[in-house]
Amino acid sequence: MIRLIGNHRVIGAIENSAKNSTLPHAIILEGDEGTGKHTLAEFIALSSVCSGVNKPCEVCRECRLFLNKNHPDVAYIKPEDKKKSISVEQIRNLRADAFVKSHLGGKKVYIIEKADSMNDSSQNALLKILEEPPQSIVFILLCESASKMLQTIISRCVVFSLVPPSFSEAFQFLKSNCKAPEENIKSTLQLTHNNIGKSLELLKKKPSEKSKIANEFCSALTAGSPAYELLKIVKPLEKDRLLTSDFINRLKLNITDLIRENPGGNNVPDLVNKYDIICQSEDFLALNVNLSLFFTALVSNLAE
Ligand SMILES: [Zn+2]
C-alpha cells in the first residue's frame with residue numbers, strides 16, 4: 001500500500017484525476033529531498049497502469065505487478081553510474097522506447113529522477129517527446145526545483161510542489177513506521193523540519209555511529225587539543241548538514257553532562273562559555289553556510 005502524507009491539496013487533486021482517469025500525461029513533482037516525490041510518483045504510476053475501477057485498486061494484475069516492482073511498462077530513468085545527470089543518450093533511448101507499444105496493452109510510465117540536473121541538450125531531447133507525445137504515455141519528472149528547467153518543458157507539464165507535512169502528521173507516520181523511541185522521533189523531526197525522508201534516514205543510523213564523533217570531539221575539546229585536531233574529527237560531517245545539526249545537539253548534551261557531573265568544578269565557567277558558543281553556532285548553521293566554513297568558525301571560537 002502506498003501511503004501519502006501531508007500535501008493535502010496536491011494529493012487531493014491527483015487522487016481525483018486518478019479516479020476520473022484524467023491524470024495529465026506530463027507531470028513535474030518538485031520539492032526537497034525527502035518530501036515524498038517518489039512516493040507520489042509511485043501513486044501516479046500505479047493509478048496510470050491500474051485496470052481496476054477505483055484507481056489505484058491495488059488488487060488488479062497490473063497493480064500487483066507494479067507493487068512487486070515487476071511492471072514491464074513502468075521505467076525509472078536516473079543518472080547512470082556515478083554521473084550527476086541524465087545524459088542525452090538516455091533520453092534518446094527513452095524516446096525510442098516510448099514509441100514501442102506497451103507490454104500489457106495499457107499505459108507506459110516513465111519516472112525521470114533528478115530532472116532538474118539535466119543539461120540543455122538532454123532537456124531539449126526530452127522536449128521533443130513532450131511536444132509530440134506518443135499515445136498512452138505518462139511522464140513524471142522529479143526535481144528539487146522546476147525553476148531550474150527549461151521554460152518550454154515546464155509549460156508542457158503540470159507542476160505540483162511538495163512540502164514537508166505538519167509535525168503531527170509526520171510524527172504519526174514515523175511512530176507507526178519505525179521502531180525508534182518517541183523522544184528520538186520528536187527531536188529528529190525538529191532537526192529536519194518535519195521532513196519524513198530525511199528523518200527516516202537519520203533514525204536509521206545507529207546511535208553509536210552518531211554519538212561517536214560528538215564524544216570524540218568533546219573529549220578532544222576538553223583536553224585542549226589544537227584546532228586542526230578538532231577539525232580532523234568533524235571532517236566526515238562536512239558533507240551532511242543534517243548530521244551536523246545532530247552533532248551540535250549531541251555536543252550540547254555532552255557539555256551539559258560534564259557540568260552536571262561536577263557542578264563545583266574549576267572548569268565549569270569554561271564549559272558554560274563553550275556551551276554558549278555552541279548555541280550561537282546554531283544560528284550560523286541555520287543561515288545555510290558552507291559546512292567547512294561553519295566548522296572552522298566554530299572551532300576557532302571554541303579554541304579562543
Ligand atoms: Zn489496479
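## Zinc site, backbone exceptions and helix packing

Of the contacts in the chain with a separation of 6 or more, 70% join residues 24 or more positions apart; contact means heavy atoms within 4.5 Å. This is a predicted model: local features need pLDDT of at least 70, side-chain atom pairs count only at pLDDT 80 or more, and totals for chains, interfaces and linings use all residues. Residues are numbered from 1 along each chain as its sequence is written, and side-chain values use heavy atoms, with hydrogens and water left out.

**Overall build.** The chain holds 14 helices and five strands. Helices (H or I, at least four residues) and strands (E, at least two) are DSSP runs, numbered from the N terminus. Along the principal axes, the C-alpha atoms fill a box of roughly 80 × 40 × 30 Å. Of the 304 residues in the chain, 43% are buried. Buried means under 20% relative accessible area, exposed over 50%, and partly exposed in between (1.4 Å probe, protein chains only).

**The zinc site.** The zinc ion takes its protein donors from Cys-50 (SG), Cys-57 (SG), Cys-60 (SG) and Cys-63 (SG), which lie 2.2 to 2.3 Å from it. Donors are N, O and S atoms within 2.8 Å of the metal (3.2 Å for Na, K and Ca); water is not among the atoms, so sites may look incomplete. Along the chain, the donor spacing is C-x6-C-x2-C-x2-C. The arrangement is tetrahedral because the four donor atoms subtend angles of 104 to 121° around the zinc ion. Four donors count as tetrahedral if all angles lie between 85 and 135 degrees. The ideal angle for four tetrahedral donors is 109.5 degrees. Cys-50 is buried, at 5% relative accessible area. Cys-57 is partly exposed, at 24%.

**Backbone exceptions.** Most residues other than glycine have a negative phi, and most peptide bonds are trans. Lys-55 and Pro-56 are joined by a cis peptide bond, with omega about -10°. Pro-56 sits in the loop between helix H2 (37–49) and helix H3 (61–67). Asn-7 has a positive phi, near 40°. Asn-7 belongs to the segment before helix H1 (8–19) and is buried, with a relative accessible area of 12%. Asp-81 also has a positive phi, near 45°. Asp-81 is in the loop between strand S2 (74–77) and helix H4 (88–98). Asp-81 counts as exposed, at 73% relative accessibility.

**Helix packing.** Two packed helices are described by the angle between their axes and the distance between the axes. Axes are lines fitted to C-alpha atoms, for helices over the stretch in contact, and angles run from 0 to 180 degrees between N-to-C directions.

| Helix pair | Angle between axes | Axis distance |
|---|---|---|
| H12 (241–261) and H13 (268–286) | roughly 160° | within 10 Å |
| H4 and H5 (120–131) | about 10° | 8 Å |

The angle of roughly 160° makes H12 roughly antiparallel to H13. The angle of about 10° makes H4 roughly parallel to H5. Angles under 35 degrees count as roughly parallel, and over 145 as roughly antiparallel.

H12 and H13 have a left-handed crossing: the near helix is turned anticlockwise from the far one by less than a right angle. Residues of H12 in this contact include Ile-248, Leu-251 and Ile-255, and those of H13 include Leu-271, Tyr-275 and Ile-278. Between H4 and H5, Val-88, Ile-91, Leu-94 and Arg-95 of H4 meet Ser-121, Ser-122, Ala-125, Leu-126, Lys-128 and Ile-129 of H5.

Definitions and conventions: Four donors count as tetrahedral if all angles lie between 85 and 135 degrees; four count as square planar and six as octahedral if opposite donors are over 155 degrees apart and all others between 65 and 115; anything else is irregular. Angles under 35 degrees count as roughly parallel, over 145 as roughly antiparallel, 65 to 115 as roughly perpendicular and the rest as oblique.
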